[in-house]
Amino acid sequence: MTFAFGIGIGTQNQKGEWLEAFYQSPLYLPDATLAELAGNTLGYQGGNKALDASDEQLKQFAEGLRRAGFEDQAKLAEKAVGSQRPAVVTVLENDDTASSTPEVYLKLQLISHRLVRPHGLKLDGIFGLLPNLAWTNEGAIDLDELPERQMDARIAGRLLEVKSVDKFPQMTDYVVPKGVRIADTARVRLGAYVGEGTTVMHEGFINFNAGTEGPGMIEGRISAGVVIGSGSDLGGGCSTMGTLSGGGNIIISVGDNCLIGANAGIGVPLGDRCTVEAGLYLTAGTKVAVLDDENNVVKVLKARDLANKSDLLFRRNSENGAVECKTNKSAVELNDQLHANN
Ligand SMILES: CC(C)(COP(=O)(O)OP(=O)(O)OC[C@H]1O[C@@H](n2cnc3c(N)ncnc32)[C@H](O)[C@@H]1OP(=O)(O)O)[C@@H](O)C(=O)NCCC(=O)NCCS
């Protein structure tokens, strides 16, 4: 068994360093024969490797793939022959820490193709392998080479539009997974996992290694590492706390059929059918008064003690300011018409 495999077309800078790589059909846990074929024609000798491939090698590789019954991959190898951008064949024997840019791009695309769920891959050390780039209407450009490219474009009567300057591109330039609606594509980064039936509105954001089971309505921020269960609704401008910066270390998740109100936020994982009142930011240390059905305080806990528990409604008492938790009697139901994605 091979861990992952992809035939890609990428971009290199003038020094021949990889900037990014696109894999039309990445494969997860494919037949080991693919690695053998890469050994026969591309000099692959095991390990995790991004292999350069000349046109002649790609032709031979395509023949080998076709003979072995990998028709789709054979077509990809054939298509790559004569490409104006460099081709790369990336073979991962295991999930070890990546050591090249094309490897990282393969891993991020495995997640966005929904072949692997968030947290399913080793992504430590990827920042060092993802160059900060200008993402333009002519593709990825090394920042040192940008002024010259801008000038060249002007001279040719074109405008080079820089859409973003970032280590991660937008996901939709690599894959649009089936059955999703994304109002502003710049707000979903490559490496996001967008489940079928997910709608991401303009205010919504999904970072890499994070996402939704689907269906769901996302009008708030899904930070790196956060996963949202099916049927949940993230209200406008709400926030899920990430663990990449700011010292937080609890991995946040949201269960099924939850509602996080507009401008609310969570720093604790929620179970199923929970609601957080609009505007309430629930941090792990927030003291929460737990109420019974008659609104009497039963006990006071920290929000982290209620982590992953289901059927809870959190609100800030508008008379005394205390954060309260009650049994949630009206779990969210998504509006079918709004959430239809086809
Ligand atoms: C928290 C929330 C779910 C409560 O809604 P609800 O369950 O429908 O509750 P109601 O507004 O009917 O209120 C029930 C009772 O609790 C009281 N109550 C509600 N919120 C309260 C608060 N923060 N403090 C004190 N009392 C409150 C109401 O006054 C009402 O009292 P009553 O029984 O005496 O009439 C709702 O206020 C909310 O924030 N929803 C989020 C919506 C949202 O942001 N969607 C995303 C859009 S982008």
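Reply: The questions and answers below take up the terms one by one.

Me: What kind of model is this, and how are its residues numbered?
Reply: This is a predicted model, in which local features need pLDDT of at least 70 and side-chain atom pairs count only at pLDDT 80 or more, while totals for chains, interfaces and linings use all residues. Residues are numbered from 1 along each chain as its sequence is written, and side-chain values use heavy atoms, with hydrogens and water left out.

Me: How many helices and strands does the chain have, and what makes a run count as one?
Reply: The chain has 6 helices and 27 strands. These are DSSP runs numbered from the N terminus: helices are H or I runs of at least four residues, and strands are E runs of at least two. The C-alpha atoms fill a box of roughly 75 × 50 × 40 Å along the principal axes.

Me: Why is threonine 136 called buried?
Reply: Buried means under 20% relative accessible area, exposed means over 50%, and partly exposed lies in between (1.4 Å probe, protein chains only). Threonine 136 has a relative accessible area of 5%, and therefore counts as buried. The residue lies in strand E6 (residues 133-136). Of the 342 residues of the chain, 49% count as buried.

Me: What makes the surroundings of the threonine 136 side chain polar contacts?
Reply: A polar contact is a pair of N or O atoms within 3.5 Å; within protein, one must be able to donate a hydrogen and the other to accept it, and residues adjacent in sequence count only if both atoms are side-chain atoms. A polar atom of the threonine 136 side chain lies 2.8 Å from the backbone nitrogen of glutamate 138. The backbone oxygen of glycine 139 also lies 2.8 Å from a polar atom of this side chain.

Me: Which residues are closest to the ligand, and how do you know that a residue is near?
Reply: A residue is near a molecule or strand if one of its heavy atoms lies within 4 Å of it. There are 13 residues around the ligand, and the closest are Ala262, Glu277, Ala278, Arg316 and Ser318. A polar backbone atom of arginine 316 is 2.7 Å from a nitrogen atom of the ligand. An oxygen atom of the ligand is 2.8 Å from a polar backbone atom of alanine 278, and an oxygen atom of the ligand lies 3.3 Å from a polar side-chain atom of arginine 315. On its own the ligand has 960 Å² of accessible area, of which the protein covers 45%. Such areas come from the Shrake-Rupley method with a 1.4 Å probe; for residues, only the protein chains shown count as cover.

Me: Why is the contact of aspartate 95 and lysine 107 called a salt bridge?
Reply: A salt bridge is a side-chain nitrogen of Lys or Arg within 4 Å of a carboxyl oxygen of Asp or Glu. The side chains of aspartate 95 and lysine 107 meet at 2.8 Å, N to O, so the pair qualifies. It links distant parts of the chain, 12 residues apart: aspartate 95 is in the loop between strand E5 (87-92) and helix H4 (101-112), and lysine 107 is in helix H4. Lysine 107 has 0% relative accessibility and so is buried. The structure holds 12 salt bridges.

Me: What makes glutamate 213 and arginine 117 a salt bridge, and are they buried or partly exposed?
Reply: Their side chains meet at 3.0 Å, N to O, in a salt bridge. The partners are 96 residues apart, with glutamate 213 in the loop between E13 and E14 and arginine 117 in the loop between H4 and E6. Glutamate 213 is partly exposed because its relative accessibility is 32%, and arginine 117 is partly exposed at 38%.

Me: What kind of peptide bond joins glycine 214 and proline 215?
Reply: The bond is cis, with omega about -5°. Proline 215 is in the loop between strand E13 (210-212) and strand E14 (216-218).
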